[in-house]
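Please keep the sequence and the coordinates at hand while reading.

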Amino acid sequence: MIVCRSRAELDKLRRVNQLVGAILAELRTLAVPGATTQEIDQIAERRVREAGAEPAFKGYHGYPATICASLNEQVVHGIPSERPLVEGDILSIDMGAKLDGFYGDSAVTVPVGKVSTPAAELLRVTEESLFRGIEAVKPGARVTDIGAAVQRHAEAHGFSIVREFVGHGIGTSLHEEPQIANYGPGGRGPRLAEGMVLAIEPMVNAGRAAVKVLNDGWTAVTKDGSLSAHFEHTVAVTAEGCEILTLREADRERARQLLGAAVSS
Ligand code: MF3
Ligand code: CO
């Protein structure tokens, strides 16, 4: 069953997701040459706890940290480490938090210093793909329409979509129904309705789609070693479309442009 949230529940979801969005905005500024992802993780945990919230990932099936920090060919679930970031890296920072019984979840992939043109293109197209998916969210549309829109955009640019990990409903658990694949035909399966809350999170590879999990039991990497990017927003279905709960006020204009681009091309 896909839960539709009441206004009071949506207020709580908005609060925790705004917190996640704000912390992520700070964390992305810390991804500079010489910094380590462990340092970024420590700041993330401090910010979450200062706000009276709890990290959502730490302890989840034994995951050891507040953020997932996935570098370059790492797709998702990279564990923060002492390896200093170097110019040209791309770093995915994924963070979840729990506040007042409700979860928030968001991710961005950021360039460390100046990155190669193909890397920058991968980041741009992956974020655009997320916004194509968001654009598909409205009452009456199908869950599968999201993945269809994501896949169309990523593959139109010659990139591939990771199959093994999916987006998800989110609420009083981090992962709720439905699963939201980032690929496949649309127009089938359950319909979206006002009050549903979804974490949409495309993972896009510069090379082939195949991934494997390293011996640490967590870190997913591309099998061919190609770069991978990951962006995630949590959205609530509204009467007209959706509200991006993890979007900060400062990013609203940029989001409008991304959504506009989705409409016009
Ligand atoms: N955003 C990811 C997800 O929703 C991150 C989960 S990391 C984990 O699955 F450690 F919590 F598994
Ligand atoms: Co998620």
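The text below treats the nonpolar cores and then the salt bridges.

The model is predicted, so local features need pLDDT of at least 70 and side-chain atom pairs count only at pLDDT 80 or more, whereas totals for chains, interfaces and linings use all residues. Residues are numbered from 1 along each chain as its sequence is written, and side-chain values use heavy atoms, with hydrogens and water left out.

A nonpolar core is a set of buried Ala, Val, Leu, Ile, Met, Phe, Trp, Tyr and Cys residues joined through side-chain atoms within 4.5 Å; buried means under 20% relative accessible area, exposed over 50%, and partly exposed in between (1.4 Å probe, protein chains only). The largest such core has 59 residues, and those with the most contacts inside it are Leu27, Leu91, Met95 and Leu192. A second, separate core of 12 residues includes Ile90, Ala119, Val150 and Val204.

The structure holds 17 salt bridges, each being a side-chain nitrogen of Lys or Arg within 4 Å of a carboxyl oxygen of Asp or Glu.

| Pair | Closest N and O atoms |
|---|---|
| Arg15 and Asp100 | 3.4 Å |
| Glu45 and Lys58 | 2.7 Å |
| Arg252 and Glu249 | 3.2 Å |

Arg252 counts as partly exposed at 29% relative accessibility, whereas Glu249 is exposed at 59%. Arg5, Glu9 and Glu176 are linked in a network of salt bridges.

Definitions and conventions:
Chains lettered and ligands numbered in written order.
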